Amino acid sequence: MGEGKAPEEWMCGATAFELLSLAFLLPTKNTAEALVAGEFADACEEVLEAFGCDSPAVGDIASFLGDYDGKDAEEVFHALRTEYTYLFVGEREPRVTPFVGVWAAQERGQKGLLFVSKESVEIEHFMRDRGVAKNLEAGQVNDPVDHIGTVFEFMKYLCLANAKAIQAPQGVVIEEGDCETFVCEHVSPYARWFSDQVFEQARCPFYKAMALFLGQVLELFAPMRSA
């Protein structure tokens, strides 16, 4: 999904990245309730259909998410929290790091540190230049912005700005190409690795489904030029 897209296509992209941010940030009770009601599965299906996705993965995603239909939301919530910790926190280190900069440093054979890697700084600068920055004085937490869930929240913001559904802050210009640039130059190589690793290591259907969903969104939303 590149330049010249209609507002409804950008809105579809915003929905896709919202679903991905909900999937890979710390799970909430609202997410669990949407899962057991079938609303989360419906939203994923609608996004893939709107993108014209005909991959066999579509059926697998629906099957995995369908496992939650009618289950107890409280039990699902605790299961998701347990799995999140298993995958992305771990006892000593995560099985799958959710931080772009940590992964990039490890790929170079270096120790991954939060906040200070070249990739982390570049992502923070890219976000700030497009009007998104942490406001610690307003009480916002000083969490690393290169967490994959936060990255997808930013992608949603870019899509909404391109759809003219929101306005960028005064003095900030968001170009249509910013979305593809950010994905391809700062996110895509890591996100493809992340998708594969989560699918391999996840023990519960939700994370397997969303790993597949991430893979499809990357294929449909951004070209492979950076893979």
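Predicted model: local features only at pLDDT ≥ 70, side-chain atom pairs only at ≥ 80, totals over all residues.

Reader: Which residues of α1 are buried?
Author: The buried residues of α1 include W10, F17 and F24, as well as C12, G13 and A14.

Reader: On to salt bridges. How many does a search of the whole structure find?
Author: The search finds nine salt bridges. One of them joins the side chains of R108 and E119, at 2.6 Å from N to O.

Reader: Where do R108 and E119 lie?
Author: R108 lies in the loop between α6 (100-107) and α7 (118-129), while E119 is in helix α7, eleven residues apart, and the pair links distant parts of the chain. R108 is partly exposed, with a relative accessible area of 40%, whereas E119 counts as buried at 13%.

Reader: Which residues are linked with those two in a network?
Author: R108 and E119 are linked with K118 and E122 in a network of salt bridges.

Reader: What does E124 pair with?
Author: E124 forms a salt bridge with R128, and their closest N and O atoms are 3.4 Å apart. The two residues are separated by about one helical turn, because they are four residues apart in helix α7.

Reader: And how far apart are the closest N and O atoms of R130 and D178?
Author: Those atoms are 3.3 Å apart in the salt bridge of R130 with D178. This pair links distant parts of the chain, with R130 in the loop between α7 and α8 and D178 in helix α9, 48 residues apart. R130 is buried, with a relative accessible area of 16%, and D178 is buried too, at 7%.

Reader: A change of topic: how much space lies in the second largest pocket?
Author: About 290 Å³ of space lies there. The second largest pocket is lined by 15 residues, and among those nearest its centre are E93, P94 and V102. By class, the lining has eight nonpolar, three polar and four charged residues.

Reader: Lastly, is K164 buried or exposed?
Author: K164 is exposed, with a relative accessible area of 69%, and its place is in the loop between α8 (148-162) and α9 (177-201). Phi of K164 is near 65°, a positive value in a residue other than glycine. Most residues other than glycine have a negative phi.

Note on methods: Residues numbered from 1 in each chain as written. Heavy atoms only, no water. Buried < 20%, exposed > 50% of the residue type's maximum accessible area, 1.4 Å probe, protein only. 1 Å grid on protein atoms, 1.4 Å probe; cavity = no way out; pocket = protein on both sides within 12 Å on 5 of 7 lines; lining within 4 Å. Points joined across faces, edges and corners; volume = space filled by probe spheres on them. Nonpolar A, V, L, I, M, F, W, Y, C, P; charged D, E, K, R; others polar. Salt bridge = Lys/Arg side-chain N within 4 Å of Asp/Glu carboxyl O.
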